[in-house]
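Here are my notes after a pass through the coordinates. Have the structure open while you read, and tell me where you would look next.

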Amino acid sequence: MAKKGRPAGRRQSPRKTRRVTSRRAVSATPSTVRAGDEPAFAQPEPMPAPGKFRTPHLSDEGAYNILDELKKENKIQPLPFPRARGGDEPVLSLEQIWGSEGPKLSRRLGQNGQIVFHAVGDTGNTRTVKPQEAVADKMEADFDEEQEQDRPVFFFHLGDIVYSFGEKQYYYDQFYEPYRSYPAPILAIAGNHDGMIAPNTNAVSLDAFLNNFCATTFASTPESGGLDRTAMIQPGVYYTFEAPYLRILCLYSNTLEDPGIISTENGAFPQVTDVQLNYLRVALTRVKTEAFKGALIIALHHPIFTVGTKHGGSPNVMKEMDKICQDVGVWPHAVLSGHAHNYQRFTRKMADREIPYLIAGNGGHATSRLREKQGGGVLRVPVELPGLGQGRDTVVFENYDDQNYGYLRILVDQRQLRIEYHPASDGRYAKTPDDHVTVDLSAHTLVHFEVPRTKRTRVAVGRQI
């Protein structure tokens, strides 16, 4: 059901000292690394949290006034982006992003029988560090799990890392500093704000994102401000990420506020090209050819479905994705997005499968009420939303949280995909999700989560854990 009884102002205060957890999936990377040698993640020693921005954020009001006028005149267009390295299907693996620790980690994940990771988007804040720090602190507490298999091994960012126009001068305050104690790799898809260009500037679309997430070697960037985390080595803004039990097909949905754009849309936007449609077809065909049995997730910043007044869905993107999925005969187990500044979960019920579509766009930038401009009232879930699906499909709006900041914790094993939503306001060590959904990988249906056999006898009833 919808979140209630927890006002937006009740957020966990960030710790005065950000620390590296003592128990991790793997050992910390040394603080001194050569460019291209090994990746670095968290700081090896505790460091004081500054509690404020190093670079004060200038007002974007003038830029947005210009953009609003251009929008009224229908003069805002999606922007071109560079072709990714690696051919028709650029691929990045978990082993690559962990450097020399990668092969060992992959073997352990296979032995443990599952993989856990984080996901959320829309994190950068231009006004205060507190919301993003609260979410980061709670995510870091997941590395204190007693069982190794329960600890996350990467963070998948759902876009809009730096506001308002992805400027490099704000990367330290909005990305590197908040995650200075996050002891694992951080991957990303680009959001519209990461590729937008402020009017009357000489900025290049996606420039800072490409430098910090699509580097060719593990190297420190000027934007890191002297912190240890090295740039990520993604092949581009679209790519396939592979890990044990998991594939994530990553798409770039461009720079418009709404809707998302991933193609020329039949010639309407020739500057965008259809390279991502070709990528998606090739990636899904390989899933079929290799008979991949793990969880298949599609991730793009703009959501397919959304409820609320500030951001709409992307029906054309859904149609394009559906056609390719139908042609190839392969469908995702889940679709993840950000963009709307809240948490929303939908179930698309098709003839032979159920697919959850989730929005996790409340990672620290802002929270947006679903009925902020509709004169009050309540929005009760679940509720069916007619007209959003294709053909006889039905779309059910299952749950939402439009008051709190939070993140997704995602678990995949050989049989199931479980996606949990955790609000930061529950406190750093509260590990009961406020919402969750589980997909049976073989049946493509929503089911109750089946607790792995290794966890069934860990807690004695009536005794302290």
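Are glutamate 420 and arginine 409 buried or exposed? Both are buried. Keep in mind throughout that this is a predicted model.

1. Glutamate 420 and arginine 409 form a salt bridge, with 3.3 Å between the closest N and O atoms. Glutamate 420 sits in strand E16 and arginine 409 in strand E15 (residues 406-413), so this bridge ties together parts 11 residues apart in sequence.

2. Around arginine 409. The relative accessible area of arginine 409 is 9%, so the residue counts as buried. A polar atom of the arginine 409 side chain also lies 3.3 Å from the backbone oxygen of aspartate 150. Leaving out residues up to four places away in sequence, arginine 409 touches a list of residues that includes Val116, Phe117, His118, Asp142 and Asp150. Arg418, Ile419, Glu420 and His422 are on that list too.

3. Asp142, one of the residues touched by arginine 409, has a salt bridge of its own: its side chain meets that of lysine 431 at 2.4 Å, N to O. Lysine 431 is in the loop between strands E16 (416-423) and E17 (435-440), while aspartate 142 is in the loop between helix H4 (130-141) and strand E5 (155-157), so the pair links parts 289 residues apart in sequence.

4. Another buried pair. Aspartate 393 and arginine 348 meet through their side chains in a salt bridge of 2.9 Å, N to O. Aspartate 393 is in the loop between strand E13 (383-384) and strand E14 (394-401) and arginine 348 is in strand E11 (residues 343-349), so parts 45 residues apart in sequence are tied together. Aspartate 393 and arginine 348 are both buried. For the overall tally, the whole structure has 21 salt bridges.

5. Instead, the side chain of aspartate 60 makes a polar contact of 2.8 Å with that of serine 164. Aspartate 60 is located in the loop between strand E2 (47-48) and helix H1 (61-72). Setting aside neighbours within four places in sequence, its contacts are Ser164, Phe165 and Glu167.

6. Helix H8. This helix covers residues 275-289, and its 15 residues reach 21 Å from first C-alpha to last, close to the 21 Å expected. Among the buried residues of H8 are Val275, Leu277, Leu280, Leu284 and Arg286. The buried residues of H8 pack against strands E3 (91-93), E7 (239-243), E8 (246-250) and E9 (295-299), along with helix H9 (315-328). After H8 comes alanine 291, with a positive phi near 50°. Arg286 also belongs to a salt-bridge network with Glu89, Glu242, Arg247 and Glu290, joined through shared partners.

7. The cores. Which residues touch the most other members of the largest nonpolar core? They are Leu94, Phe154 and Phe156, in a core of 119 residues. Helix H8 gives the most to this core, with 7 residues. A second, separate core has 5 residues, including Ala63, Leu67, Phe165 and Met196. Phe165 is also one of the contacts of aspartate 60.

Key
Residues are numbered from 1 along each chain as its sequence is written. This is a predicted model: local features need pLDDT of at least 70, side-chain atom pairs count only at pLDDT 80 or more; totals for chains, interfaces and linings use all residues. Side-chain values use heavy atoms; hydrogens and water are left out. Helices (H or I, at least four residues) and strands (E, at least two) are DSSP runs, numbered from the N terminus. The expected span of a helix is 1.5 Å times one less than its number of residues. Buried means under 20% relative accessible area, exposed over 50%, partly exposed in between (1.4 Å probe, protein chains only). Contact means heavy atoms within 4.5 Å. A salt bridge is a side-chain nitrogen of Lys or Arg within 4 Å of a carboxyl oxygen of Asp or Glu. A polar contact is a pair of N or O atoms within 3.5 Å; within protein, one must be able to donate a hydrogen and the other to accept it, and residues adjacent in sequence count only if both atoms are side-chain atoms. A nonpolar core is a set of buried Ala, Val, Leu, Ile, Met, Phe, Trp, Tyr and Cys residues joined through side-chain atoms within 4.5 Å.
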